[in-house]
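This report covers the overall form of one chain and its interface with a neighbour. The sequence and structure come first.

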Amino acid sequence: MSAIRSRLMMSALLAGGIALIPATACDRLPGRPKAAQSAQEGSPEWTVEVFNTSCRGCHAQGAVGAAVPLMDSAYWRAASDEQVTRGVLEGQGMLMPAFGLSGGGPFTPAQASALTRGMRALWGGGAQKSPEISGTLVAGNASNGKSVFDVACAGCHGVGGSAGSVTDPMYLRLISDQGLWTAVVAGRKALGSPAWNEPMPGRPNGLTTVEVADVVAYLSSQRPRSMSELKP
Amino acid sequence: MSDRIQDPGAHSPARGGDEKPCVNCGCAERTAKQDARRGFMFRFGAVLLGVGGAIAAVPILGTLLAPARRQASAWVSLGSADAFPAGQTRFATFLSPIRQPTDGDAAKTACWVRCISPGKYQVFAVNCAHLGCPVRWFAQSRLFMCPCHGGAYYEDGSRAAGPPPRGLFEYPWKIDGGNLMIEAGHLPGMEQST
Amino acid sequence: MKPPRVVGMAIDWVEARTGAVAFLAPLLTHHVPRNAKWWYVFGSATLMFFTIQLVTGVCLATLYAPSAAEAWESLRYIDEEVPFGWMLRALHGWSSNAMVVMMAIHMLQVFLHASYKFPRELNWVTGVFLLFTVLALAFTGQVMRWDQDAYWGLGIGASIADRIPVIGNQVRGLLLGGPIIGGETLSRFFALHVFVLPGAALGLIGLHLALIMKNGISEMPKVGATVEPATYRAEYEQRMEKDGVPFYPDAAQRDMVFCGACLVLLVVLAAVYGPFGPGGQPDPTLIDTNPRPDYPFLWIFGAVSLLPPASETAVMLVAPLVGVLALVAVPFFANAGERAPSRRPGMVLIASLAVMAVAALTWEGKTSPWSPVMNAWSALPTPEHFLAGRTPLEVQGANVFQFAQCRNCHSLDGLGGERGPALDAIATRMTPDQLMRQIQQGDGNMPAFGRNLDSAQMTALVSFLSTLRPEFEAPAVIPGAQLPLPVQRMPGEVVTPVAVGSQ
């Protein structure tokens, strides 16, 4: 008799206790949905999120990318904010699509510029654009460029060079003059290309700004004007 | 338990319907004439119910079946034709011209506008021809891709790969006062020619 | 512990006016087979989950706004503002899935034990109707969430209806309540979800239970104990009289324990994992979405992607009818004879195949390897070891690989789409010429890129792909061509395929 009663009492207490858990701790249960909040535009979290979904595919999670690695401070020393923002909005060359709204992409001009500033703050290593050399293409002399190229570049980047030829006409078809400029100025250290002012085989002090313009002019002159020139 | 159940009428004949006194109150024997009258009343009631039911069925079936009628579409503007640069395919949205007050956001509709050359367009429904999921345009590979079952289409809307049985659905278009207009309405579907 | 006299008087008073005790007593005391043990608890658990659905569903109906303009917001409100609101939705959602699962187990058990044989054919048939009613409840419930999955899920339903020959357009209109997915669609599905289908389910459950009372619980199958319609009923009643045990408490205790455990598990699941959705807001112009149906329908979602386009329409329209008819026909096709699974290998095989097919298709539907990974091209970086030591042209080729969205369907290092083959070692399988032709012309499952990439892009891409092979594995050659000497590739060296037909 009393055994039954105490068992009933126990059960009631247990049930009541279990019922109290959600009643008191409901707000802290793991299943409670969190109010969705997206990172504020321009914040570091937002920048990383945008980079990870829209840029990282080509511009690398680190120093080695198919296109210019944006987590590399060398790039941020070579490029100005205006230039990067314009690249984001309008695209560049044959392989960088326009990401601006007017080009059919997702970003407003304000977002593109916030993204640029955010990336420089994260990966620029505190560097501003270097004042020593222009970020954008400067006209040069192609024949001077050829002699500079033969001395300073061809050992690695010429035909049969250890890093592969940059005078390959197919390669030149795919890269714009501005792309060449950025490549020469910023280099691709992880892939064996020094920046413009770093030691090169024939040039222990790197190139001068004029020589950079000349080399780019020379490479540009090697680009086939039309695909028909490529056909043997 | 069935023996407890009684017929609803108090004067019910005993089981078997023999000409015997009523089991409940012992009232007089039922006559054939009475039976005939009850039968007639029952049939009369049934006819009344039938007529009333038929009339009531008109609004019931009418509202339930009304959506089966094919609804007309209407011309709707996608904005200035200049907003669609030649050689490109752009996203455009419009409010369904046959929307209802309670549709909310669901009345918003999306489409893809391909400007082949100035004055020459193709306007595609976002709905995949396979099972209606929204296809996305990839300008670099010049393909539409569907997230549901991997249908892919070329830029002219023709099927490129995957399960779709045909190309993308297209809206008729015209230029009116500098605006690109399309004829839109019900969900695009199989009644459209390929 | 004798109850006070007043309780007995009250019961008598009610009994005299309702007959409730006379009605209920046989439900509790009817004899059930002694050997059923834990096999027969699944039906009770299904009923328990249905009860949970009724109670939580009515509560949700007091908070939910069944209007296309407000439904999604009202769910967010229930989740975030209403006290315990999210828990209510979580219970309803998890209990829905649990009911489907429990129902499937119950059905499988009945099928394997052949409990559908004489005289229980109609028990099975009402069960089949209940199955489809419950699946319809699950689908309409998904629509109630009125998020992007709900919207595009309706789109999938509408597209299937649209494929019906001749009257497809009308059927689609009836389904959607109008020419577009809109306010009237939600209202229509709301009426189905809260009035029509629960009403149908209640009726069918009543019938199902009445048939159980009429025909008795079937015994455990025994080899040699065949069902003979002419004598079965009398023999069954005799056996129950002799060897049966009363439902209460012998069988009811197990039902009670199992249902209790299920309910506790349900509460834990709901509290830990929370409610389902709502997903993105139901704006059809937000097409950056990846619609997926709820769990009970993932296997259908998987199946429709694997059908060949030519037979697809026919299969989509005919298969459901065949499925329903086949299920209904089961007890009429075999209503007598052996019940033991060991004597019915064909049926066991059918059941196993069905379970495996649904499980495999659900997995396929969940992982959707056929779907392009929409942002792979811009989000998944080219693995560094595929770039180091490559020529500028090859690196540009890697760029083209990302640019041309190849990654959306082809993975590198296990990352990327799975629609096409992984390309980590493609150069061991295809020569540059073969790669070029494949990319230009495509095939049934790969679009042709000939018109979409220019020759410089194509050349760069092929030169990149030709580097994709493990270091000490030889590149592909044309079958029959002279095998190349083992080459060790220098960094930057361009891989030159063995010239075909030269020498």
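Buried area is the accessible area (1.4 Å probe) that two parts lose on being put together, summed over both. Between chain B and chain C of this predicted model, that area is about 5000 Å², with 61% given by carbon and sulfur atoms. On the chain B side, B:Leu131, B:Gln140 and B:Leu187 lose the most area to chain C, together 14% of what that side buries. Counted by contact (heavy atoms within 4.5 Å), 59 residues of chain B meet 63 residues of chain C.

Chain C has 18 helices and two strands, which are DSSP runs (helices H or I, at least four residues; strands E, at least two). Its radius of gyration, taken over C-alpha atoms, is 31 Å, whereas a compact globule of 503 residues would have one near 23 Å. The globule rule is 2.2 Å times the number of residues to the power 0.38.

| Property of chain C | Value |
|---|---|
| Box filled by C-alpha atoms, along the principal axes | roughly 105 × 60 × 55 Å |
| Accessible surface (Shrake-Rupley method, 1.4 Å probe) | about 24000 Å², 69% from carbon and sulfur atoms |

Among contacts in chain C with a separation of 6 or more, 76% come from residues 24 or more positions apart.

Residues are numbered from 1 along each chain as its sequence is written, and chains are lettered from A in the order in which they are written. Totals for chains and interfaces use all residues, and side-chain values use heavy atoms, without hydrogens and water.

Conventions
Predicted model: local features only at pLDDT ≥ 70, side-chain atom pairs only at ≥ 80, totals over all residues.
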